[in-house]
Amino acid sequence: MFKKILIANRGEIAIRIIRACQELDIPTVAVFSEPDRNSLHVGYAEEAYLIGEANSKKSYLNIDKIIDVAQKSGTDAIHPGYGFLSENSGFAARCEKEGITFIGPSSDVIEKMGNKTTARKIMAEAGVPILPGTNESIESDDEVYKIAKGIGFPIMIKAAAGGGGKGMRIVNSADELKSCLRAARSEAGSSFGDSSVYVEKYLENPRHIEIQVLADKYGNSVHLFERECSIQRRHQKIIEETPSTAVDDKLREKMGKAALKAVKSVNYSNAGTVEFLVDKKKNFYFLEMNTRLQVEHAITEIVTGIDIVREQVRIAAGEKLDLTQDKIKRNGCAMECRIYAEDPDNNFLPSPGTIRTLRSPGGYGIRYDTCAFEGCNISVHYDPLISKLVVWGKDREETRFRMLRALNEYSITGIKTTIPFLKKVIKNKFFIEGDIDTNFIASRIERSSAPSDGTLKIAILTAVVESFKKAEKESLFHNQHHPEKSQWKIAGKWQMWGNRF
Amino acid sequence: MNFDVIAGNKEYSVEIERRGKSFIITIDGEEFEVDATLLKKELYSVLIGSKSHLVNLKSEGNNFTVDVNSESFEIEVLDEAAKRLAQKTKSQAEGKQVIKTPMPGKIVKILVKEGDEVEPGMGMIIVEAMKMENELKSSSKGVVKEIVVEEGATVNGGDTLIVVE
């Protein structure tokens, strides 16, 4: 097993990984950027090193600096978390070269799966179903137009190096093509440093369902069932659940087998996720493979009882998978809500700032993964995820009601969050029926509903009481105020008394 | 004691008096018995009749930010003196819309030019922040009077970008 693990990440996921390491009795090393000096992951780790400025290119994406810290601290393994360097094959290769274990698959697998067009090619060859489109990235606008005509609008333009919904545009007609291409290319360039894009047939209102896999270095692999991730804004998930209301045992088996085919086709090892789009007729198509830990991994953990991060570390250390497919059982349901510092009434615009007050949910069946605390700053420099609220229930309705209860307990002030929006989704009648797809937020949720009159009255009443008390205090102060008996003198006397004891 | 309360775009006429540990408050003639106690910084337990609520309240002079049931309200509570003052300043700024960036970022694209007529909901400018492109929209009808920034410029939170009249 490893002597020491460096976590090349920040936020809630850094804490999640530190916790797993501590339970394995492995010391941890945190790295942080200048504004993250006050972040919680620094305090949770055994050691912590400043690696650069706020800009992630100068800190969390700074490979040389991170490797330097790893060597200086005597680290023999690095966990990349999600985002940042987690799917950077160059970083994984550098770790391999320096003799540090990268907790994840090998660099060549990351590279193959990271290039979405190469991944499509490999999957097609392995017999995993893919959507019609190109298996090469495309340079000219004309070429995109030709292909679009061939497979028919709508199409999806995607960043070849992409993921996480960035550099992605739906094109409904030829008129939109130019502006969409521009936007996709520029976002791809700024997010991934590679502006090449490819084209895929756009499936109308599909579900986004993914399969979690674990594979060791000896060819053993299992899947941990599906996660339903259709509730998305800007192609980024905000609510996930398992099991999916669209997946029956037969489909689960088929998708699980396809995911394991994908794993075997590239000799995958460590934890990974195979994402599929599923249409109304239960056809499924390979979307991409995430060669890292997912944000939403916790829902799988609580229904299977398997600690995925712990497994990642064990597998990376060369241990054998002690799980077999028939031993993996699902117990009940789980749901995750992602709480972002965003304004749902303003197109989910990030709402960075300082959390003024925080009341977190608790009780039976609740798992609360966060990096937030009262007074902490949600920085403009990084992903605005505040916390993940994960709940367990024996069936979907119990889970849903528990989630609603937990969201009602949860209060964050000082910045705008997705909490009110999440409540709206959890209470939505189509969501209750499990009638969801990736277009759910646009089609089923009313954006800005007027606040309820009753709630407004509560707010007014409280504000008026406060105003009244203040006015009372002021008039009392004015009436009693006397230079010889100033409040400071009284405080001074108290202080003297205090010193005598 | 009498207050004028402004919440959203509405005004409410409110009366309040003490009754024992509670308050009797009427909002536009509707009466409530309210018992509000401070639990910790900014957190109140509020009993209205016997209905219980947890309410977060932050005050800055006459202005309150109140968070309850996951909803957030900006409320202004004015006594007689404050009312007169507010009347004066209000009428000045009307008819003018200032598009500001809510956060630091980079101007990716300006979608309008000076002199353009804009409609409510029309995209005005694209700002990149937190690695996402965000389109800021006009909230009213008017004519673009001034564009303060250029494409590619870096802006700070609260900076004025475009003025519409």
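Me: pLDDT is the predictor's confidence in each residue, from 0 to 100. What is the mean pLDDT of chain B?
Reply: The mean is 87, and 93% of the residues of chain B reach 70 or more. For the complex, the predictor gives an ipTM of 0.75 and a pTM of 0.83. This is a predicted model, where local features need pLDDT of at least 70, side-chain atom pairs count only at pLDDT 80 or more, and totals for chains, interfaces and linings use all residues. Residues are numbered from 1 along each chain as its sequence is written, chains are lettered from A and ligands numbered from 1 in the order written, and side-chain values use heavy atoms, without hydrogens and water.

Me: Why is the pair of A:F348 and A:F421 called edge-to-face?
Reply: The ring centres are 4.9 Å apart, within the 6.5 Å limit. The planes stand at 90°, over 60, so the pair is edge-to-face.

Me: What makes this pair a link between distant parts of the chain?
Reply: A:F348 is in the loop between β15 (342-343) and β16 (349-350) of chain A, A:F421 is in helix α13 (residues 419-427) of chain A, and they are 73 residues apart. Helices (H or I, at least four residues) and strands (E, at least two) are DSSP runs, numbered from the N terminus.

Me: Are A:F348 and A:F421 buried or exposed?
Reply: Buried means under 20% relative accessible area, exposed over 50%, partly exposed in between (1.4 Å probe, protein chains only). A:F348 has 1%, so A:F348 is buried. A:F421 has 2%, so A:F421 is buried.

Me: How do you know that A:R396 lies over the face of A:F431?
Reply: The rule asks for NZ of Lys or CZ of Arg within 6 Å of the ring centre and within 35 degrees of the ring normal. A:R396 lies over the face at 4.7 Å from the ring centre. A:R400 lies over the face of A:F401, at 4.9 Å.

Me: Why do β13 and β15 of chain B stand at the edges?
Reply: The open sheet has four strands in the order β13-β12-β10-β15 (chain B), with antiparallel pairing. β13 (132-137) and β15 (154-155) each have a single partner strand, so one side of each is left without a neighbour in the sheet.

Me: What makes β10 and β15 of chain B a pair?
Reply: Strands pair if DSSP finds at least two bridges between them. Two bridges join β10 (residues 105-110) to β15(B), so the strands pair. The bridge partner of B:K106 in β15(B) is B:T154.

Definitions and conventions
Rings of Phe, Tyr and Trp (its six-membered ring) pair if their centres lie within 6.5 Å; planes under 30 degrees apart count as stacked, over 60 as edge-to-face and the rest as tilted.
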